[in-house]
Amino acid sequence: MSAYQVTFFKTLLSSDGHPFKCLQQRIDISDAQNPAQAVEAASKEFEAFYGCPWKLHADSIEVIAADPQ
């Protein structure tokens, strides 16, 4: 099993109209077999916290393998 950091972002427009990624939530998953499983676990946790599908609060996900140290 591997550890992953799953980050949810919402793309917003700045005051001058340029898009930027706004952090919505960062969730650490400590026991996933692969990145896809980490996203699934983090999505469930995100949805339990907000009480609705994650896509209502975010529109992209970034997955990073956590440092094993």
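Predicted model: local features only at pLDDT ≥ 70, side-chain atom pairs only at ≥ 80, totals over all residues.
Begin by selecting Phe-49, which is exposed, because its relative accessible area is 60%. Here exposed means over 50% relative accessible area, buried means under 20%, and partly exposed lies in between, with a 1.4 Å probe and protein chains only. Phe-49 belongs to helix H1.

Residues are numbered from 1 along each chain as its sequence is written, and side-chain values use heavy atoms, with hydrogens and water left out.

**The whole chain**

Display the chain as a cartoon. It contains 1 helix and 3 strands, and the order along the sequence is β-β-α-β. Helices (H or I, at least four residues) and strands (E, at least two) are DSSP runs, numbered from the N terminus. The C-alpha trace spans about 45 × 30 × 15 Å along its principal axes. The chain has 69 residues, of which 22% count as buried. Of the contacts (heavy atoms within 4.5 Å) between residues at least 6 apart in sequence, 52% join residues at least 24 apart.

**The nonpolar core**

Next, select Tyr-4, Val-6, Phe-8, Ile-27, Ile-29, Ala-32, Ala-38, Ala-42, Phe-46, Trp-54 and Ala-58, the 11 residues of the largest nonpolar core. Strand S1 (2-13), strand S2 (19-32) and helix H1 (35-50) each supply at least two residues of this core. A nonpolar core is a set of buried Ala, Val, Leu, Ile, Met, Phe, Trp, Tyr and Cys residues joined through side-chain atoms within 4.5 Å. In soluble globular proteins, nonpolar side chains tend to be buried together.

Which residues surround Tyr-4? Leaving aside residues up to four places away in sequence, Tyr-4 touches, among others, Ile-27, Ile-29, Ala-32, Pro-35, Ala-38, Val-63 and Ile-64.

Select Ser-43, which is placed in helix H1. Is Ser-43 buried or exposed? Ser-43 counts as buried because its relative accessibility is 9%. Not counting residues up to four places away in sequence, Ser-43 touches Phe-8, Trp-54 and Ile-61.

Then move to Ala-36, which also lies in helix H1. Ala-36 is exposed, because its relative accessible area is 56%. Select Glu-62 as well: Ala-36 and Glu-62 are 26 residues apart in sequence and 11 Å apart in space, C-alpha to C-alpha.

**The cysteines**

A disulfide is a covalent bond between the sulfur atoms of two cysteines. Cys-22 is in no disulfide, and its nearest cysteine sulfur, that of Cys-52, is 16 Å away. With regard to accessibility, Cys-22 counts as partly exposed because its value is 24%, whereas Cys-52 is buried because its relative accessible area is 18%.

Conventions:
Disulfide = S-S within 2.5 Å.
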